[in-house]
Amino acid sequence: MPVKANESGPDVLALARKIGLEKAVHEFPDDVIAAAQAAARTRSDLPATNNPADEPWPPMRVRTPS
Amino acid sequence: MTEAHWLTAGEIGSAYAARRLSPVELVQALLNRISALDPQLNAFIRVDIEAALDAARDAEKDIVAGRARGPLHGVPIGIKDIIDVAGLPTTCHSKILLDNIAAEDAAVISRLRAAGAILLGKLSLHEFATGGPSFDLPFPPARNPWNIAHHPGGSSSGSGAALAAGLVPLALGTDTGGSIRNPAAICGIVGLKPTYGLVSRRGVFPLAFTLDHIGPMTRCVGDAALLLDAIAGHDARDPGSVPVSCSRFGADLERGARGLRIGFVRHFHETDLPADPEVARALDDVSRVLTQEGAEVRTITLPPLRELSAVQRLIMQAESWAIHASWLRERPGDYARATRRKLMIGAFHSAADYVHAQQHRLQMIAAVDDAFRDADVLLTANAMDPACRIDDEDTLARTYARQARSPFNLTGHPAIALMCGLTKTGLPLSAQLVGRAHDEVTLLRAAAAYERASEWHRHRPPI
């Protein structure tokens, strides 16, 4: 559930409720907002979007029969 | 003879062989020191006195009878309390798992027992190997032996503090974004994050499955090699474990640096995240010493530190949220504030964010592998700043993220932290050396060459 860097506190808390974090929203709203802001900062530091068809790491591997 | 509590594992083995020291004498000396110093340092969550003395008596009988099992037989070790020891609680320094009694030993503990090591107790950490030094947990945070008003780094905080204070000669740490190498840097010791998959993660509470490593924390490079010899090896019960044959990791410790090509990743600390001037000067000095020892030091460029760190962070945040989501929904108040804030971040990423990060990861692994065409070992900054006061939340929050460790959790390459100086205020400085995947032998060779030439590892805190 990505949040934008400029998302307002009430919007973040509403989203957090949808994620199931009602207790945290009720007891620690500042922590919920801080977490959402940190998530936005992390995404903003990522490199430019790559080719969507690139293989992610780690590639799927089947188990070797033992 | 050096006081018993400052002996390295290698020296302890020699002292046992020459009958100058016995396991019972050493364990008793360490227990006395723990009793005297740990009330200030909080390095231990639990000291297992009776079990340690029993194991010491057994080791003593075996060694006297000529049945020594190897270099770690009778050598005490401290265990980060995120690693299972059968019959003891694995609390992860958290209220959430206070009553979590381990049913069986972690793979690394089984290996240590087979090597004859003596488990002294469980060491403190940042809650669940994340968060930071916190005062709202069931156990107090570990302190820095160089200045107990300062933090000792983390998350393997107790491991770093116990080694620097001479409470243990060896410790195990875990490292997902630098948690072995950060306390090693801040406490002035050696911390080795091995190649991903070399040491089994089975029985270690996960923080982020694809980034978690277990590794040695010691007071010298030779001991890191000995401890890695004991804990490395394939484990079919860890899906990430790699079936490589383990050599003697210290095979080249005496070869010196002559002929080694060292790639100095200057942009990490010069432009990406400009380091404290004392850190930058110390890194230049490492480069100078390695050159004097016969290495060829050349400047190497990797992807920008900000991007490497962000990709590692997103993966860590997503994976750790997946692990903690239920508890965060039901028991958010049972976490420390710092931990809660970090573990909830992943709730605000999407599935696509995670997949995109894993796509970038593949390219970044390739970029670091490419750098090893022109270098045998990389030299980089470790922490960009010396330790701050443990109660200075703002500086802690700012400086913890200023580091160059997490890129190598992302790529899985082995990396070692080494003391490389002291600040004017008497706090340790540290450099990081990075090796090719599964080439711990060359990495340890370079580290030993620097250690021998610089002798920073012989400095002790004024405790």
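Which residue in strand 9 of chain B is the bridge partner of B:Gly263? Select B:Leu378, which is that partner in strand 9 of chain B. Helices (H or I, at least four residues) and strands (E, at least two) are DSSP runs, numbered from the N terminus.

This is a predicted model, in which local features need pLDDT of at least 70 and side-chain atom pairs count only at pLDDT 80 or more, while totals for chains, interfaces and linings use all residues. Residues are numbered from 1 along each chain as its sequence is written, and chains are lettered from A and ligands numbered from 1 in the order in which they are written.

**The sheet of chain B**

Two strands count as paired if DSSP finds at least two bridges between them. Next, select strand 8 (residues 296-299) of chain B, which runs parallel to strand 7 of chain B and is joined to it by four bridges. Within strand 8 of chain B, B:Val297 is the bridge partner of B:Ile262.

Now display the whole open sheet of chain B: 11 strands in the order 1-3-2-4-6-5-10-11-9-7-8, with mixed pairing. Strand 1 (44-47) and strand 8 of chain B each have a single partner strand and stand at the edges, so one side of each lacks a neighbour in the sheet. Ignoring direction, neighbouring strands are turned by 30° against each other on average; the axes are lines fitted to C-alpha atoms, for helices over the stretch in contact, and angles run from 0 to 180 degrees between N-to-C directions.

Elsewhere in the sheet, select strand 2 (residues 76-80) and strand 4 (residues 170-175) of chain B, a parallel pair joined by two bridges. Here B:Ile79 has B:Leu172 in strand 4 of chain B as its bridge partner.

**Two helices of chain B**

Select helix 5 (residues 157-164) of chain B, where eight of its eight residues are buried. A residue is buried if 20 or more other C-beta atoms lie within 10 Å of its own, exposed if 12 or fewer, and partly exposed in between, with C-beta atoms placed from the backbone. After helix 5 of chain B comes B:Gly166, with a positive phi near 75°.

Move to B:Leu26 in helix 2 (residues 23-41) of chain B. B:Leu26 is buried because 24 other C-beta atoms lie within 10 Å. Leaving aside neighbours within four places in sequence, B:Leu26 is in contact (C-beta atoms, placed from the backbone, within 7 Å) with B:Ala4, B:Ile12, B:Leu21 and B:Pro76.

Select chain A, which has three helices and zero strands. Of its 66 residues, 26% count as buried. The average pLDDT of chain A is 89; pLDDT is the predictor's confidence in each residue, from 0 to 100.

Then show the contacts between the chains: 30 residues of chain B are in contact with 28 residues of chain A. Helix 12 (351-371) of chain B is one of the elements that give two or more residues to the side of chain B that touches chain A, and it gives the most, with 10 residues.

Finish at A:Val32, which touches B:Met344 and, among others, A:Val12 and A:Leu13, not counting residues up to four places away in sequence.

Definitions and conventions
Two residues are in contact if their C-beta atoms, placed from the backbone, lie within 7 Å.
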